Amino acid sequence: MNKGALAILVHGGTENWSPRRWKSRFDDVCPDRRVLLVPDTSFDPAEVHYAAVWKPRPGELAAFPNLRVIFNLGAGVDALMADRSLPDVTLVRVAVTDLTARMTEYVVLHVLMHHRQELYLRESQRAKRWAPKLQWAASAISVGVMGLGMLGADAADALKRLGFRVSGWSRSPRAINGIDCFHGEAQFDAFLRQTDILVCLLPLTPETRHILNRALFEKLNRTSPLGAPVLINAGRGGLQNEADILQCLDDGTLGGASLDVYATEPLPVDSPFWTHPKVVLTPHNAADTDADEISKYVAQQIARFEAGDALENVVDRNRGY
């Protein structure tokens, strides 16, 4: 083998993020290339040209003097960007149809859960209480999607097809058929005022950190059939001010929340989110990456790069995504 080696640096802790599982998949799709599982393998760091990573430890990537491309195995790159020793090489984020479809499934599931009053109905089941409430139509609910990249745009389209009134907000202008698109700071409040269920799929940047706070929640629509607005965050944990979320749930500023991401992960056992009656909690698995699809994607990207073609989904370091 005379091709540059691919190093696998995966720190996850769950079954899907087993480093050896990822090593096995990359061995299958890169049969003519040495695949190295860091730190379990003895090798010359100079032979590494590519790195496939998930939450690498600060400084790990700086050990490879001939590194050319870093492939982030999940959608969010904020952990990578926080590493001050990160080599100045091309950084590619994952963007495959499998991941997009999984996120859309999650968003649709949780919008429907709040729309169809599932928290109330499950509580009624536990109490053995037969007391259905009036159910409104999807067209009575406005869903606002923050972040209109590949994930947000697909989720917005699926919600529109279910009959919801759907709008979206992004930093720069977007045009999506059937979606009322807002952009920039000047249009942010108008977007919030008409939103009953807020879906957040923003990347985490210095500008978006703690954007999900009381000041934002108080601007959401309070005249929908839901009674109080609902938050769904499947973006990044750093987007949310968790103390504000809890206080707003308790005082009625928010009527409910579905949270997939948190400031600290795994979520500490003493977090109030575990037992809060208005919270639907999931363990950062909204769009859990599929090793088969992602390994094929990375192998294809490396082949493109070595053939002299441009890489896809390159991260703009200035923007942070």
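Which residues does S170 touch, not counting residues up to four places away in sequence? S170 touches L148, F182, H183 and G184, where contact means heavy atoms within 4.5 Å. This is a predicted model, in which local features need pLDDT of at least 70, side-chain atom pairs count only at pLDDT 80 or more, and totals for chains, interfaces and linings use all residues. Residues are numbered from 1 along each chain as its sequence is written, and side-chain values use heavy atoms, with hydrogens and water left out.

**View 1. S170 in strand β7.** S170 belongs to β7, residues 165–170. Helices (H or I, at least four residues) and strands (E, at least two) are DSSP runs, numbered from the N terminus. S170 has a relative accessible area of 8%, so it is buried. Buried means under 20% relative accessible area, exposed over 50%, and partly exposed in between (1.4 Å probe, protein chains only). A polar atom of the S170 side chain lies 2.6 Å from the backbone oxygen of S172.

**View 2. The open sheet.** Five strands run in the order β2-β1-β3-β4-β5, with parallel pairing. Two strands pair if DSSP finds at least two bridges between them. The edge strands, each pairing on one side only, are β2 (35–37) and β5 (90–93). From one strand to the next, the twist averages 20 degrees.

**View 3. Strand β1 and its partners.** β1 (residues 5–10) runs parallel to β3 (residues 48–54), and six bridges join them. The bridge partner of A7 in β2 is L36. Six of the six residues of β1 are buried. A5, A7 and L9 point one way from the strand, and L6, I8 and V10 the other way.

**View 4. Helices on the sheet.** Helix α1 (residues 19–29) lies across β1, β2 and β3. The direction of α1 makes about 175 degrees with β2. Axes are lines fitted to C-alpha atoms, for helices over the stretch in contact, and angles run from 0 to 180 degrees between N-to-C directions. Helix α9 (residues 291–306) also packs on the sheet, touching β1, β3, β4 (69–72) and β5. Its direction is at about 160 degrees to that of β4.

**View 5. Aromatic rings.** The structure holds nine aromatic pairs. Rings of Phe, Tyr and Trp (its six-membered ring) pair if their centres lie within 6.5 Å; planes under 30 degrees apart count as stacked, over 60 as edge-to-face and the rest as tilted. The ring centres of Y262 and F273 are 6.2 Å apart with planes at 45 degrees, so this pair is tilted. Y262 and F273 are eleven residues apart, in the loop between β11 (256–259) and β12 (279–281). Both are buried. W17, W22, F26 and W54 form one aromatic cluster.

**View 6. K133 over Y120.** The charged end of K133 sits over the Y120 ring, 4.2 Å from its centre. The criterion is NZ of Lys or CZ of Arg within 6 Å of the ring centre and within 35 degrees of the ring normal.

**View 7. R214 in helix α7.** R214 is found in α7, residues 214–217. R214 is partly exposed because its relative accessibility is 22%. Not counting residues up to four places away in sequence, R214 touches D244, Q247, C248, D251 and T253. The side chains of R214 and T253 make a polar contact (3.5 Å). A polar contact is a pair of N or O atoms within 3.5 Å; within protein, one must be able to donate a hydrogen and the other to accept it, and residues adjacent in sequence count only if both atoms are side-chain atoms.
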